[in-house]
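Subject: Structure handover and notes

Dear colleague,

I am passing on the structure we spoke about, with the sequence alongside. Please have it open while you read the notes below it.

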Amino acid sequence: MASTYKLVIFDCDGVLVDSEPLALRVDVELFAELGWPLSAEEIARRFVGRTTEYMMGELAAHIGRAIPPETDAKFAARYREVLAAELRPVDGIGDALDRIAGLTCVASSGSHDKMRFTLGLTGLYERFEGRIFSASEVTHGKPAPDLFLHAAATLGVEPRECAVVEDSEYGVLAARAAGMTVFGYVGGDLIPAERLEGPGTTLFADMRDLPRLLGEDS
């Protein structure tokens, strides 16, 4: 059976690479050290799906001072250390990608440098090379639709012909705003499923089910 969609757009963190629990562990340390102690659950609710720049801006505004450059550098190194030691692909993603015959790409709030690192660590970079888009390329990040619209336009596909695979509330909102069909991945147990529910959205918990949901399997 041919795919229902001409382009499948994947978020990166939490959809392709299982990075979010690792990053949240470091975020908890960062927030506590700078004077805004939050639980991993609260950080996830506020910031998963948003850019690092947005998160750091909110942190600086809350504590009433700029983030010291040495602190920023220290925690950037800590993130890389943890990811290098423990990062794995999301369970089942390799199998899913093998069975998706149509065009795919990545559109993430993360930087290109971060995606080269994480996708490279997990052996996924080559699958998407040349079709990787970052929020740094657009004026407004998620939940605005700009990034997804930019990816689709660059690849010559109409929004209505795109499916987006997301695991965050902000990403789901961005995909809906772009007029794209959304597949909300809830297998990571990070964001409550009810926060991803809504129009034009199918929730699923196993990446191996994604090709069938996309219409790739007969």
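This is a predicted model: local features need pLDDT of at least 70, side-chain atom pairs count only at pLDDT 80 or more; totals for chains, interfaces and linings use all residues.

Residues are numbered from 1 along each chain as its sequence is written, and side-chain values use heavy atoms, with hydrogens and water left out.

The largest pocket holds about 960 Å³ of space. Here a pocket is an open set of points on a 1 Å grid over the protein atoms alone, with protein on both sides within 12 Å along at least five of seven lines, whereas a cavity is a set of points where a 1.4 Å probe fits but cannot get out; lining residues have an atom within 4 Å of a point. Grid points are joined across faces, edges and corners, and a volume is the space filled by probe spheres set on the points. The lining of this pocket comprises 38 residues, with T51, T52, Y79, G110 and K114 nearest its centre. Two or more lining residues come from each of helix 1 (20–34), helix 2 (40–47), helix 3 (52–63), helix 4 (69–86) and helix 6 (112–121), and helix 4 contributes the most, with 7. Helices (H or I, at least four residues) and strands (E, at least two) are DSSP runs, numbered from the N terminus.

There is 1 cavity of 30 Å³ or more, and the largest cavity has a volume of about 50 Å³. Its lining consists of G14, D167, Y185, V186, G188, D189, L190, I191 and L196.

G184 lies in strand 5 (residues 181–185) and counts as buried because its relative accessibility is 0%, where buried means under 20% relative accessible area with a 1.4 Å probe and protein chains only.

Finally, K142 and P143 are joined by a cis peptide bond with omega about 20°, and P143 sits in the loop between strand 3 (132–134) and helix 8 (146–154).

Best regards

Terms used. Buried means under 20% relative accessible area, exposed over 50%, partly exposed in between (1.4 Å probe, protein chains only).
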